[in-house]
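User: I am new to this structure and would like to learn how to read it. Please take me through it feature by feature.

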Amino acid sequence: MIIERILIFLLFIIGFAAIVAMPNIIKKIFGLNLMNAAVVLLFILEGSRIGDQAPILGDGVKHIVDPIPQALMLTAIVIGVCISALALALAVRLYKATGSLDINVITKRLESEH
Amino acid sequence: MKALTRMKIMLTILILGLAVLPVLLSDTPWPVQARDYLFETAKSDTGADNTVSAIYLGYRAMDTLGETLVLLVSITGTMSILINLGRNKVDEESIGFSLEPEKLPRHSLRTNLIEVVASKLGPIVLLFGLYVMLYGHISPGGGFQGGVIVASGIVFLALGTELKTKLTNTIVLSRIESLSFLFLVLASISGVFFESGFFGNPVKSLQNISPNFIILLNIIIGMKVGTSIAVMCIAMMGGSHDH
Amino acid sequence: MSIETLSLAPIYLPLLGAALILVCKSFFPTKIRRLAEYMGTILGLGLPPVIVLFLYPTLQQQGSIDLVIGSYAPSIGINFSFDGLSILMILLAACVTIPAWIYSRKVGPAHSNFTALVLIQNAAISAISMTSDLFNLFVCLEVMGVVAYVLIASSQKGNAVHASFSYLMFSSSAMVFFLLGVFGLYRLTGSLSYDGITQGLAGLGPSEQKTALFSLVLLVVPILLRVAVMPLSLWLIDAHSKAPHAVSALLSGVLLKIPLFALIRVLHLTPLASGMGLPISWAGTITALLAVLSALAQSDAKKLLAYHSISQIGYVVSAWGLALHTGLETQAGALLLAASLFHAFSHALFKALLFLSIGTTTDCSGNRDVYMLRGANHRLRQEGEVLPLTMLCYFIAALSITALPPFNGFFSKTLLTYSLKGGWQYAILSVAGAGTVASFMKLSRIFLPSKQPFEPIVKESLPRFPFTLHLGLSILAALCVLTGIFAPNLIFFIGTLLGGAYALDYGNQFFFSASNLLKTLYTLFGGIALFALAVSKPGSKVLYRLKAMKSSFSDLFLGFAAAIAALLLMLLQH
């Protein structure tokens, strides 16, 4: 029960640590994806505790899992992917503009240009 | 990294970890009201067997509209950023585009094997994507899932050299994309004229609810998602050959 | 057309306009595209405010229009609630978006994509101001945010892309925390609509109340991030100063205020959350002071304006927080909320005007440094401007922000500081007012005559100054003056929209009373003194030190963590 949530928490914290601590901007985007994945897993895992069959009605289906977290997470996954795509495009643009993928180097080079 | 920065980062991670932990580890049993209500009424309200489709295309269709908007805006932004990498001025007039092709020789990574297999697999993947789109109301699937598979099918077609179809032409794809967005907005407003409110099922007053509205929404969303992601992928690959 | 569908018109009309523009962009050549853009804008930006005003009499009878999207059951569908606050938000958005769009026709990004994005953003703003559902709030905040990221990066310069990237990473990671808050509340109550959550949270045990509190803090702080209260405001400086001018006006004017007023409904979910009002109010007051001191130190004109945005939002948040703390049913609470709304409205108008006029001036002069740039009016005349309209509009906006009569800033700031009377906050905000005067005296120096010899202006070789630029500026300036002259009526209108239990009757006798005018005079003298201090040698050394303090990417998140820690500690003490 609780070990799964501890693991999801670890995944979340690793993703957040990647955003804050890693200087490479592509790794920051990885971190954002990890955080999103952790939250999606959490919603679906916890929602599945109250039943044991997929939420598709039909003959002989009695105890379905909670369909609301699944529907919410469909939306959240798509939003996360779109934001990652936009972030990657921005990262490529920054690389073309400054020649580096390290956020500190990028900041310094952009300031000195301006 | 300096010691001060390292301490700041440690402190940030520590505080946020502690703030999130009680929410993650709470022991309250998961609520069952929603599941029970949907088990009873999802089929009669929306006509779908797949309760997840009933939620995100029926009860909470506004969230799906918002999600489509996020997709539209982010693909627009990504395309405008990537197109201008090869040029200096923004050219508003062009409705077709191609990126500056990669500096590698054109076929160094695309072997004959990839081209032949991809062009043969392309139509099969498209067919599978259409199946997932259209059967979203009775089995797992739906507009988004099917749309992404359709997009990958179009990318397969673009990777192969045997076919020069209209389907990989970016102008045609962007026309389909903008038309499907218009149809989505019109479909959502149609409920207004049929007395069931914004995003209501226009055929709600009938006795036997059929899932036609959900199928229609699935098709529209699938086309939108498929064509916009395909346009982005083809543009990243360097434009279409026969442009 | 029933009342319910009319009240949802501000959402689907802009979307219809955007869809038409995008279809015409793909199919037709340029001429039809331009026509489609104008029609789409009239449909999407022009119609909704009219419809919203048309619904005002119904609201006076009913109080609010509650509906479920799609007419499903309220426990499972998305609930929307259209009340007076929604009308104000939609009107505020329209008053800033329309002049900014007109301005951008010749100067700023002018393609069909820009218009379509602005329409989509307006639809999201209208949805946020009406929604009564937690996950719908998440989706609409993400739509609003993603349009902001794309618009900031639209000028393609390296600086703008960097600003957009930082804002994107910061805001998106905060929204993941928001999702965790939604998880916590859904687990406790089984519902996502505000009414369902309120009912569910009413009967909870003490340990579950602790989880509810943590979830609420995780919900509130990401929304406050978009409002840019300190310590969450470090993203704003780059994002607003490096964006194109019309986009800066939109961001500063509209996007900072909408999440704040949507937060009112979230904080009413449970009485547990009422303890958050006071700490947020204090954060706002300190923001107002610190940001204006940083603004004094800046040399880049648009960065100075961005710091002022943070400072004025601090004013709005102080009154808002205190209103929630004293309770909106009391007379003091209603006055505080009305004052904060009125100041938000005035700030949207004069800040948009400032960004647009300073943007034009620095573009024509080629220089953004306030220490170097002089004789800006002459440069404007060289670019073809016949009447000094840009300078006039700038001075109208500057007089508004420094709270001098008869412009709207005077009325809104006076009402706001009056409602906070008696306490430390009053004193701190007065000092911040003096600071505003000082830094605008510093900014206005760009219109002083330059020491270098002028080139004579040759009449024949002048390009034509864009008419749409002047039109956009004049609309905003006229609104600043009109909302100032009709301020008592506007305050009364806001009072009736907010519930109407207490009539807010503050006429001209109140605003032009001896004590208020004296206070304005003191603020003016304090500002002049502060300005003299700032340009003196020791003063400029201090300010130079202040300007050199840079913040890195990880400092953004440290601010986020600090805000969450502070709110949690204050709430857990009860």
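User: At what angle do helix 3 of chain A and helix 8 of chain C pack, and how far apart are their axes?

Analyst: Some ground rules come first. This is a predicted model, in which local features need pLDDT of at least 70 and side-chain atom pairs count only at pLDDT 80 or more, while totals for chains, interfaces and linings use all residues. Residues are numbered from 1 along each chain as its sequence is written, and chains are lettered from A and ligands numbered from 1 in the order in which they are written.

Helices (H or I, at least four residues) and strands (E, at least two) are DSSP runs, numbered from the N terminus. Axes are lines fitted to C-alpha atoms, for helices over the stretch in contact, and angles run from 0 to 180 degrees between N-to-C directions. Here helix 3 (residues 67-98) of chain A packs on helix 8 (residues 158-189) of chain C at about 155 degrees, and the axes are 10 Å apart.

User: How is the direction of helix 3 of chain A relative to helix 8 of chain C described, as parallel or antiparallel?

Analyst: Angles under 35 degrees count as roughly parallel, over 145 as roughly antiparallel, 65 to 115 as roughly perpendicular and the rest as oblique. Helix 3 of chain A and helix 8 of chain C are therefore roughly antiparallel. Their crossing is left-handed (the near helix is turned anticlockwise from the far one by less than a right angle; clockwise would be right-handed).

User: Which residues make the contact of helix 3 of chain A with helix 8 of chain C?

Analyst: Two residues are in contact if their C-beta atoms, placed from the backbone, lie within 7 Å. Helix 3 of chain A contributes residues including A:I83, A:L86, A:L90 and A:R93, and helix 8 of chain C contributes residues including C:V161, C:F165, C:L168 and C:M169. By class, the contact has twelve nonpolar, five polar and one charged residue. Ala, Val, Leu, Ile, Met, Phe, Trp, Tyr, Cys and Pro count as nonpolar, Asp, Glu, Lys and Arg as charged, and the others, Gly among them, as polar.

User: How many residues of chain C are in contact with chain A?

Analyst: 24 residues of chain C touch 27 residues of chain A. Helix 7 (134-152), helix 8 and helix 26 (553-572) each give two or more residues to this side of chain C. Helix 8 gives the most, with 15 residues. This side of chain C has 15 nonpolar, seven polar and two charged residues.

User: Is chain A compact or spread out?

Analyst: Chain A has four helices and zero strands. Its radius of gyration is 20 Å, well over the 13 Å that the rule gives for 114 residues, so chain A is more spread out than a compact globule. Along its principal axes, its C-alpha trace spans about 70 × 30 × 15 Å.

User: And what does the globule rule say of chain C?

Analyst: Chain C has 26 helices and two strands. Its radius of gyration of 23 Å is close to the 25 Å that the rule gives for 574 residues, so chain C is as compact as a globular protein of that length. Its C-alpha atoms fill a box of roughly 75 × 60 × 50 Å along the principal axes.

User: What percentage of the residues in chain C is buried?

Analyst: A residue is buried if 20 or more other C-beta atoms lie within 10 Å of its own, exposed if 12 or fewer, and partly exposed in between, with C-beta atoms placed from the backbone. Buried residues make up 62% of chain C and 42% of chain A.

User: Where does C:A403 lie, and is C:A403 buried or exposed?

Analyst: C:A403 is in the loop between helix 18 (389-401) and helix 19 (408-419) of chain C. With 24 C-beta neighbours inside 10 Å, C:A403 is buried. Its phi is near 65 degrees, a positive value in a residue other than glycine.

Key. The radius of gyration is taken over C-alpha atoms; the globule rule is 2.2 Å times the number of residues to the power 0.38.
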